[in-house]
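I set out to record, entry by entry, what I looked up in this structure. The sequence and coordinates come before the notes.

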Amino acid sequence: MTLIGVWVVELGLFVLVVAALLAERPIALGATVAAIGIVAVVARSSARVWRWVTTSFLTHRTGALAGAAVLALVLPFFLRASPYWTFIATMALMYVTIGQGLNFQMGTAGVINLAGAAFAGLGGYTVGLLTVRLGFPPWLGLLIGPLIAVAVGALLFIPILKVRGHYLALVTIAFGFIFNILMNNLEFTGGPQGIKNIPTLRLFGYAFTTPPQLLGMTLPSHANFYYAALVMAALVTWLAWRLYNSWVGLTLNTLRDDEIAAKCSGVSVARYKLLAFSIGNFFIGLGGAFYAVMVGFVSPPDFDFGYSLVMVSVIILGGLDSIPGIILGACLLIPLPERFRFLHEYRLLLYGAAIVLMLLFRPRGLWPATVRRYGLREPAASFGAAGGLR
Amino acid sequence: MPPLEVILQQAFNGLMLGVMYALIAVGFTLFFGVLDVIHFSHGDIFTLGAFAGLSLTFLWAAVGIGNPAVALLLTFLGALVLTGLIGVVAERACVKPLAKAPPLMTLLATLSLGLVIREAVLIFYPRGADPKPFPAMLPGGLFEIGGVVIRYENLAILAIGGAAMVLVDLIINRTRIGASMRAVAQDAEAAQMMGVNLDRTVDFTFFLGSALAAVAGILNGLYYSEIHFIMGIMGGVIGFSAAAIGGLGNVYGAILGGLLFGVLQTLAAAFIPRGSEFRDVVAFAVVMVFMVFKPTGILGEKTVERV
Amino acid sequence: MDDQAAKVQVSRRDLLKGGAAVGVGVVALGGLWRPARAQTKRVVKLSFIGPLTGGTASNGLGGRNSFLLAVAERNADPKSKYRYETIVLDDECKPTVGVQAALKAGSDPEVIASVSHYCSVVAIATVDTFNKLGLPSMVWGAVLPDITYGHTHVEVSRVNGTMINQNHIAADFAVKKLGFKTFSIMHDTTDYGRGHAKYFTEGLGRVGGKILSTTGTAKDQKDYTAELTKIKAEKPEVIYFGGLTPDGVRVKVQMDKLGVKAQFQGTSGIKSDTFIETAGPSAEGVYCFVEGAPTEKLPGGKKFLEAYAKMNFREPSEAYGPFAYVATHLIIDAIEEIGPDRAKLAQKLKRTKKPDTIIGPVEFDEHGQNTVPLITTHVAQDGKWVVWEDSEYATGKRELPGLRFKRERV
């Protein structure tokens, strides 16, 4: 019974989201916003409803996840009239991927990284250079891109292991600027024009630029990338979840909260920080590489400081160290400014104000990290438990 | 090897640039020292200071204050107070409410506030998208020493900037409120127990830092005769970088960091082949190298390593 | 656990409330289906894409206003077969945002054509997007050659000229007409600036001008004293700057402050009222080049400027406003002729030909590129851009600052 209730709630939210995305006329948009407002108020003002929702979602976690997965799978069918919203949904999923990586660095390990766009750019540019200049297949680029992000990140990070907190913010800002200026001014990276005509993905001869025919419906070609991004985001989120619940995640949390105490317990701070930084950069680089094959070009303005800030906004607004929070943050922050395009030049102003307001009302993010629970259901995950790292 | 006068001229250019950076950097370092926060909208407060100054010059012209010295003084005073108060409002709105939240929240909140300020200038200042001419209010003319061209207004700008820094130093070290700031910086809780009014001290710190940003903004306008709403982006990034190279929380460090950054950028552009394209690469790379050897800035405190 | 109790209670009123909310949502979704409204004319939508925020916003806003003006004129015209609605989208001068904007425009089936892009880096990025969407797009401001010459798609055409033309004429003008011999080139390292510097260098090579140095600077850089001090030591006769107004203003003003007396030569990017207003007296004697006939001098151009003034926009039209205006009119002309069909329209627009527009005659080549026959030289004189031929500098009544500098130095 409650499982069906969970699905009804999910379906209701889904309807609201689709309506909010597709509403074009002011009346429709107004009604949707009003409906979302009513739902939010009802859910939060009545403690009973909220408790029912949270407890039933917790008891039926698998069912809830299955429901969400089905809805995510059918979303492109509802957006099929609009390649634009399909693309934005794909971007949101890409930011989920990047967000999980950045969150692993900043949220879980407390290693500040304000050069997310640069690491994404390393992934993207690697794909561009490999495929266009050297003729590699895009799949291979998609694999090597993140590795390059990891390698460059490690080279940057090893000498500055002692640097912490806001000083680390400075170093990463500096790295972000250096990356951007180099991409813009070096010849082999294509200068300000970047790299164009990156070949698209192919799966058994099926090019991702052909509009897919599914269940008798023609979807925009962007739906291919939506599904690819869905797989990527789900995989990365699952990995992040496993890592978070493993000894690695726990160790990183300890290290973040009290480095000295962690050292006292025999944790190799340097190694774990480097590990967290590298895993994070892999996910971030993967997101950037995916971006390159999706849009078919990379250029310096796509990876500038502003985008690093968007990435940071996603994880902070969603909730640092909160894996579901990252998903929520990306799915809100990426479509929201697009939704407000009709505001023209007032858009960024109101976007900034909205973030400030959200932070003031929810200073720990929209979906804050919960306190870790031990020994209840899940046995300690096996990853890293063998102690192979130390 | 370029001729000596070119080297000297470039060093002077770097010094001018460095003074502007230093004034912004001092604000960053003050906020960090007292509250342990990075106030990322500070760059846009700097823009706001410049625009407040520009608006005031129109106001004085409209009410018929013709004497340039008086107008300049009033412009400074007005913009200082105005911007200082806006800084306090920013702190009350975005910094204090998040004092108990993780520090990254303050980072995002102030970044977003900066975006709001920047876009507000773009939209609400008449034709705010355009660069704006800033009136010349300092004595014109120039003289030459050994081939180095020095304008009188540059000397005036250096003097005003220097005076502002000395004044801040005096306020911090010689006044009661300065003592409170130092006390809070060391240990907020203990300071409160000793009777320091925390809220007032924090407010004053933001007033002081933001007023300094206004000085930087007006000097920027006077030096370049032009201001633009996006100048706060790089101003903020470099101001923060300068404060961090110097050592966050250390006022002298911030000044040193600002000068260093200005000189580095200028020398890179001047003496490295294609250096102009890569001047920020050089400047930021040097910053990173500094961080390797001095992970808490040049004049920063050493962190205690107990393990 | 009071889970059980909560569940029972929930299934009453709270679920009702939730159901009501979902109902509202469904109603809202229902609102998506537009009831066919009785209308005398069929609605056709046109989109405009340009930078409305960020450093180049003034150009984008000027273009947008000109676009809105053209649409308003056609809607007021009783002869129009359709009623034109507009969608204005911001590309922030960023490729990704531009692609999203183009997708948004193309996703609306009622949008038949787009007037798009001021920034070259965005225009080049959206070429494929417009192609995939099958949405005809006419570029109104971006000058990079590849935007039309780098592909064979039928959807993208351009009403303004490329930078190749402009710079070859600019080099001829400076060397042959004015007799300058030595040049220091500066550019803002964007597509725009770098491209201009490249083609100007090419142009100088053909007429034998000497390049002393080429300096790239960051976009939106504030301080140019280091670069200018270095250039001053090279003693050029002309400093050429490839970049847009904000940076151009800074370079020129700081040249004066450092006592660099060389001639300042700009590109189309600085031909804006803002340049003269902001640079003030420093602007005097600066010259630059814009594709197209001088708007003010053609009869239609005068009408455009008057109509623009009547609309009470907050921003001036800037140098490329007339191009956005012409692009809009050309698109509407074509729609009136062949009807609102994207595919047919794209074919039609690719080979646009019209003898009398406010930018002079328009004729597109097989790449959809307007082969602008005319480049107009403008010079700043007494706080206004004056067409070179009408200026006192051309008649010899005044002397360009660079020429005076050259004469006094010898």
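The entries below concern a predicted model and go from the chain contacts to single residues.

**Entry 1. The side of chain B that touches chain A**

I began with how many residues of chains A and B are in contact. I found 38 residues of chain B in contact with 37 residues of chain A. I then asked which elements give two or more residues to the chain B side. They are α4 (103-124), α9 (231-246) and α11 (279-293) of chain B. Helix α4(B) supplies the largest share, with 12 residues. By residue class, I noted 30 nonpolar, four polar and four charged residues on this side of chain B.

**Entry 2. Packing of α13(A) on α4(B)**

As α4(B) gives the largest share of that side, I looked at its packing with a helix of chain A. Helix α13 of chain A, residues 305-318, packs with α4(B) at an angle of about 125°, and the two axes are 10 Å apart. Angles of 65 to 115 degrees count as roughly perpendicular and those over 145 as roughly antiparallel, so α13(A) is oblique to α4(B). I recorded the crossing of α13(A) past α4(B) as left-handed.

Which residues meet there? From α13(A) I listed A:L309, A:V312, A:S313, A:I316 and A:L317. Their counterparts in α4(B) are B:L104, B:M105, B:L108 and B:L111.

**Entry 3. A hairpin in chain B**

I turned to strands β2 (residues 142-145) and β3 (residues 148-151) of chain B, which run antiparallel and are joined by four bridges. I noted B:R151 in β3(B) as the bridge partner of B:L142. The hairpin has two residues between its strands, and B:G146 takes a positive phi near 50° there.

**Entry 4. B:E277, a loop residue with contacts in two other chains**

I located B:E277 in the loop between α10 (251-271) and α11 of chain B. Is B:E277 buried or exposed? It counts as buried, because 24 C-beta neighbours lie inside 10 Å and the cut-off for a buried residue is 20 or more. Leaving aside neighbours within four places in sequence, I found B:E277 in contact with A:N185, C:T189 and C:G216. I also checked B:E277 against B:G18: they are 259 residues apart along the chain, and their C-alpha atoms are separated by 19 Å.

**Entry 5. A:F119**

I placed A:F119 in helix α6 of chain A, residues 116-134. A:F119 counts as buried, because it has 37 C-beta neighbours inside 10 Å. Not counting residues up to four places away in sequence, A:F119 touches A:A149, A:G153, A:N281, A:I284, A:G285 and A:G288.

I recorded 16 helices and 14 strands in chain C. Chain C has 410 residues, of which 60% count as buried. Among its contacts with a separation of 6 or more, 71% come from residues 24 or more positions apart.

I then traced an open sheet of five strands in chain C, in the order β2-β1-β3-β4-β5, with parallel pairing. Its edge strands are β2 (82-90) and β5 (156-158), each of which pairs on one side only. The twist from one strand to the next averages 25°. Within the sheet, nine bridges join β1 (residues 42-50) of chain C to β2(C). I noted C:L89 in β2(C) as the bridge partner of C:I49.

A:D321 has a positive phi, near 65°, and lies in the loop between α13 and α14 (323-333) of chain A. A:D321 is buried, with 26 other C-beta atoms within 10 Å.

The second case is C:E318, with a positive phi of about 60°. C:E318 sits in the loop between α12 (299-310) and α13 (321-338) of chain C. I found C:E318 buried, with 26 other C-beta atoms within 10 Å.

Methods. Residues numbered from 1 in each chain as written. Chains lettered and ligands numbered in written order. Predicted model: local features only at pLDDT ≥ 70, side-chain atom pairs only at ≥ 80, totals over all residues. Contact = placed C-beta atoms within 7 Å. Nonpolar A, V, L, I, M, F, W, Y, C, P; charged D, E, K, R; others polar. Pairing = 2+ DSSP bridges. Axes fitted to C-alpha atoms, helices over the stretch in contact; angles between N-to-C directions. Parallel < 35°, antiparallel > 145°, perpendicular 65-115°, else oblique. Left-handed = near helix turned anticlockwise from the far one by under 90°. Buried ≥ 20, exposed ≤ 12 C-beta atoms within 10 Å, placed from the backbone.
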